[in-house]
Amino acid sequence: MICQLRGIGFSAGGRKILEDVDLDLERGCLTVIAGPNGSGKSTLLRIAAGLLRPHSGTVLAGEKKEDLFSMNPERAARFRAYAPQDTPSVSFSLFEFVSLGRLPWRGEQPAQTRSVVTAALHLVGIESLLDQSVSSLSGGERQRGSIARVLAQTPELAFLDEPVSAQDWGHAVQMADLFAGLCRRGLSLCMVTHDLNLAAMYADRILLLANGRKIAFGLPEDILQSDLLSSVYDCRITVDRHPETHVLRVFPVGKCAQ
């Protein structure tokens, strides 16, 4: 187990955002956090990454189960990396922006930094844009730049908040293929997404949240059930399997289609 969350609670503005949430993140696994808007997904991700202290509960990191919030900041930065939902439109060049991921590795030679950053940009398919200003890039390109910054940090555990929300289908699948491949090579990854079909294809585990509570956690075939999803999302949802790949498919059914 690379990270354990136990009894996580958080409130803001007099409202409970999370209540008594547990989550186990296994080494080398791709874990998806899903659920309706306002269910606490992004808040839980930030807490798991050590960026937001919970009002109750613990976050234990690594094999030694260290309190993440008591960990040396440099060690914590080498252990985990985080990409938010929105990538800032800054005036840095893309290369400079992704190079921020190397800050926890102070003292390395510039040639090493350039090698790691260029490799990260190559993985997400925007190496040719490295001299462009981040502010000049499209939303999808900025998002991939944020992913590259996380990869350049070379963490053991990566947290990504809706990392393909600005991607077209082709690039979304390319990014998901990349995430799965990195997990097979030892990276642990936890991401928030609304794309349940992407979760069906790539997730090792899915945590389903609603109203700040854990509804279910397990294998995709155990979580992606029509009755459960219809109840959580308050709409009719059907689930079947693709006739060729046999992967689960999730379809919301609007009133006009019934």
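How much space lies in the second largest pocket? About 200 Å³. Keep in mind that this is a predicted model.

**Stop 1: the second largest pocket.** Select Leu 123, Leu 151, Thr 154, Pro 155 and Leu 182. These are the closest to the pocket's centre among the 14 residues that line it. Now colour helix H4 (110-123) and helix H5 (139-152). Each of these elements gives two or more residues to the lining. H4 provides the largest share, with 4 residues. By class, the lining has 11 nonpolar, 2 polar and 1 charged residues.

**Stop 2: the largest pocket.** Its volume is about 400 Å³. Select Trp 169, Asp 195, Asn 197, Leu 198 and Met 201, which lie nearest its centre in a lining of 17 residues. Then show helix H6 (169-184), helix H7 (196-202) and strand S12 (248-253). Each supplies at least two lining residues. The lining of the largest pocket divides into 11 nonpolar, 4 polar and 2 charged residues.

**Stop 3: the open sheet.** Go to the sheet of 4 strands, in the order S2-S1-S4-S5, with antiparallel pairing. Strand S2 (15-25) and strand S5 (66-67) stand at the edges; each has a single partner strand, so one side of each lacks a neighbour in the sheet. Zoom in on S1 (residues 3-12), which runs antiparallel to S2 and is joined to it by 7 bridges. Pick Gln 4: opposite stands Asp 24 in S2.

Terms used. Residues numbered from 1 in each chain as written. Predicted model: local features only at pLDDT ≥ 70, side-chain atom pairs only at ≥ 80, totals over all residues. Heavy atoms only, no water. Pairing = 2+ DSSP bridges. 1 Å grid on protein atoms, 1.4 Å probe; cavity = no way out; pocket = protein on both sides within 12 Å on 5 of 7 lines; lining within 4 Å. Points joined across faces, edges and corners; volume = space filled by probe spheres on them. Nonpolar A, V, L, I, M, F, W, Y, C, P; charged D, E, K, R; others polar.
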